[in-house]
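Visitor: Can you walk me through this one? I'd like the fold, then the details.

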Amino acid sequence: MHLFFLLPSTGFLGWQLRAMNSTLFIIGVIGNIISVLVFVSPIPTFWRIVRSRSTEDFEAAPYVLTLLNTLLWLYYGLTKPDGLLIATVNGFGAVMETIYVVLFLVYAADNVKRVKTAKLVAALDIGFFGIVFVATTFGIGGLDMKIIVIGLICACLSVFMYGSPLAAVRTVIATRSVEYMPFFLSFFLFLNGGVWATYAILDRDVFLGVPNGIGCFLGGIQLVIYAVYRNSKVGCQSPDNDEVAYDASTSLLSSDDRRYGQNDVSIRV
């Protein structure tokens, strides 16, 4: 952070501010590592898609939305002074989500799904992001106002991203099985929200703090639900789902293979 290098080397206040900036940087690095883990968590699902050469019943919408989320936060990080840590992790996330979306287009189960995915990409990742970029670049003169507008858009979208895994809660309760709620995704979303909320408090960034604080809370709810139903027997599983049975020792790693498309993603930071 640039203040670290500009502060005087003597005096208690200077030492205190340098320590705070060092802490901020360390927390930001930890947040980046956790966010990377969130972004790579769908890899087993997409490895399955590539092997089967079909997206099966997976939904592309969460990945398209997460791509939009990462693009907006990347733009926010590049616009905000000292936003390098925000920009780098979301740049990585944008690359990963782009790969996921491309795989959805290539291996779409049918042409209807391929066209639907292409329309979503055109409307959101190209259209909506393009409108935000052009409007804030040419329609807003002051840097502070530009940061506020972009931050508000990012914060609102991130709340939806963090809440998207809760869509699996109804299925978990109905089936009394956590098969449709991947543990590691919920766990990393919880950590991700907590770390970046802490970073936002130290950096006094309300746009980063509010959605990540909410994300930490929602991630905690998912972990509680997982703990309640993890040892429950599936009492209402239909014969069509018999093929989904798997060894308990690997359930945590594979629980998102059938319904990861209900989650997000993404994340932001």
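Guide: From the N terminus on, the elements run α-α-α-α-α-α-α-α-α-α-α. That is eleven helices and zero strands. Helices (H or I, at least four residues) and strands (E, at least two) are DSSP runs, numbered from the N terminus.

Visitor: What kind of model is this, and which pLDDT cut-offs apply?

Guide: This is a predicted model: local features need pLDDT of at least 70, side-chain atom pairs count only at pLDDT 80 or more, and totals for chains, interfaces and linings use all residues. Residues are numbered from 1 along each chain as its sequence is written, and side-chain values use heavy atoms, with hydrogens and water left out.

Visitor: Which residues does UniProt list as "transmembrane region"?

Guide: The unreviewed UniProt entry lists residues 20-40, 60-78, 84-108, 120-141, 147-168, 180-202 and 208-229. The positions follow the numbering used here, feature names are shortened, and annotations may be inferred rather than shown by experiment.

Visitor: How much helix is in 120-141 and in 208-229?

Guide: Residues 120-141 are 86% helix and 0% strand, with end C-alpha atoms 30 Å apart. Residues 208-229 are 100% helix and 0% strand, and their end C-alpha atoms lie 32 Å apart.

Visitor: What about helix α10, how far does it reach?

Guide: Helix α10 covers residues 206-229, 24 residues in total. From first C-alpha to last it reaches 35 Å, close to the 34 Å expected at 1.5 Å a residue. The expected span is 1.5 Å times one less than the number of residues.

Visitor: What does the side chain of D205 do at the start of α10?

Guide: A side-chain oxygen of D205 reaches to within 3.1 Å of the backbone nitrogen of F207.

Visitor: D205 also touches a lysine. Where is K80, and which residues does K80 touch?

Guide: K80 is in the loop between α4 (61-79) and α5 (84-106). K80 touches I147, D203 and D205, not counting residues up to four places away in sequence. Contact means heavy atoms within 4.5 Å.

Visitor: Is K80 buried or exposed?

Guide: K80 counts as buried because its relative accessibility is 14%. Buried means under 20% relative accessible area, exposed over 50%, partly exposed in between (1.4 Å probe, protein chains only).

Visitor: Now backbone angles. Which residues other than glycine have a positive phi?

Guide: R53 and R204 are among them. Phi of R53 is near 60 degrees, and phi of R204 is near 55 degrees. Most residues other than glycine have a negative phi.

Visitor: Where are R53 and R204 found?

Guide: R53 is in the loop between α3 (43-52) and α4. R204 is in the loop between α9 (183-203) and α10. R53 is exposed, at 60% relative accessibility. R204 is exposed too, at 78%.

Visitor: What share of contacts is between residues at least 24 apart?

Guide: Among contacts between residues at least 6 apart in sequence, 80% join residues at least 24 apart.

Conventions: A polar contact is a pair of N or O atoms within 3.5 Å; within protein, one must be able to donate a hydrogen and the other to accept it, and residues adjacent in sequence count only if both atoms are side-chain atoms.
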